[in-house]
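Reader: Please take one part of this model and go through it closely. I would like the local pairing first, then the setting around it.

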Amino acid sequence: MAADVEGVAEQVFIALADPTRRTILAALATGGPATATDLAGRLPISRQAIAKHLALLSEAGLVTAEPGERRRVRFRLRSAPMQVAQQFLAALARDWDGPLDALKNHLDQEKGSST
Amino acid sequence: MGFPDRVERTVELAHPREKVWAALTTADGLGRWFGDRGARIDLRPGGAAEMTWSNGYTVQMRVEQVEEPARFAYTWQIHGLPEDDPRRTLVEFTLEEAGGGTRLTVVESGFAQLPDDVYREEYDSHVKGWASELGELDVYLDGR
């Protein structure tokens, strides 16, 4: 996995830019670890396409492969990179303009009421 | 490039520093313009503070720096991260006298912190712990 936050966040956003990968990640988040075959049974996506995307996601460190039943590989979502991407979004979503406007209004009102 | 680590704003306020200071550092002030449903604050480094909003949201803060009437800083949780995430951003308010009013600068920093390795290991082991517990339950049920 990339060592810097920028790289980690980038991998997450690249992964999320593709609707098929979003569907796969969402399925792993909601349903827990699953094999490519499990996912192909649940989603309207071919097993080959799922396997290809899982390999890419695994490379990016967003899912981990682990031994499952009957020698099949199960894939598990890794939440740590998602949390790094959340930090990036938190910085973008941080609104100081609203509260600072409210502070201005609050001070102006206090001045008005005291005179 | 650029993972945004800090957000910075400066506003000119037509009010003396003492008034701005009171709005930033008292429960009465914070609970009106910031949290719209009240606030509590223990104004000393290490002291706890809390703000509440009418939508039910509550945020816990920790007072980090108190230098009346020039500097006030606190840390709080990164909004959007899970409740148990230990990372915090630092919010620093600097109040300067400017032409009879106050120039207020707010800097929030720390968005680009990496989760530390200990935390990641703990988290992963916690997740794995759950998976193996569920696996054990499965084995137990299969055995019946």
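Author: Start with B:R40. Its bridge partner in β3(B) is B:E50. This is a predicted model. The two strands involved, β2(B) and β3(B), run antiparallel and are joined by 3 bridges. They form a hairpin with 6 residues between the strands. There, B:G46 takes a positive phi near 95°.

Now look at strand β3 of chain B itself, residues 48–52.

β3(B) and β4(B) form a hairpin with 5 residues between them. In its turn, B:G56 has a positive phi of about 95°.

Move on to the next pair. Strand β4 of chain B covers residues 58–67, and strand β5 of chain B covers residues 71–77. They pair in the antiparallel sense over 6 bridges. Within this pair, B:V66 stands opposite B:F72 in β5(B).

Step back to the whole sheet. In chain B, 7 strands form an open sheet in the order β1-β7-β6-β5-β4-β3-β2, with antiparallel pairing. Its edge strands are β1 (6–13) and β2 (39–41) of chain B, each pairing on one side only. So where does β2(B) find its single neighbour? The sheet order puts β3 beside β2 in chain B. From one strand to the next, the twist averages 20°.

A helix packs on this sheet. Helix α1 of chain B, residues 17–25, touches β1, β2, β5, β6 (88–98) and β7 (101–109) of chain B. The direction of α1(B) makes about 165° with that of β6(B). Which residues of α1(B) are buried? They are B:V20, B:W21, B:A23 and B:L24. Seen down the helix axis, the buried residues of α1(B) fall within an arc of 165°, so they line one face of the helix.

Next, the chain as a whole. Chain B has 3 helices and 7 strands. From the N terminus on, its elements run β-α-α-β-β-β-β-β-β-α. Of its 144 residues, 19% count as buried. Take the contacts in chain B with a separation of 6 or more: residues 24 or more positions apart account for 30% of them.

Finally, the partner chain. 25 residues of chain A are in contact with 28 residues of chain B. On the side of chain A that touches chain B, α1 (5–16), α5 (79–93) and α6 (97–114) of chain A each supply at least two residues. The largest share, 10 residues, comes from α5(A). By type, the residues of that side divide into 16 nonpolar, 4 polar and 5 charged.

How confident is the predictor in chain A? The mean pLDDT of chain A is 88, and 93% of its residues reach 70 or more. Confidence in chain A is lowest in α6(A), at a mean of 85. It is highest in helix α2 of chain A, residues 19–31, at 95.

Methods:
Residues numbered from 1 in each chain as written. Chains lettered and ligands numbered in written order. Predicted model: local features only at pLDDT ≥ 70, side-chain atom pairs only at ≥ 80, totals over all residues. Pairing = 2+ DSSP bridges. Helix = DSSP H or I, 4+ residues; strand = E, 2+ residues; numbered from the N terminus. Axes fitted to C-alpha atoms, helices over the stretch in contact; angles between N-to-C directions. Contact = placed C-beta atoms within 7 Å. Buried ≥ 20, exposed ≤ 12 C-beta atoms within 10 Å, placed from the backbone. Arc of directions from axis to C-beta. Nonpolar A, V, L, I, M, F, W, Y, C, P; charged D, E, K, R; others polar. pLDDT = per-residue confidence, 0-100.
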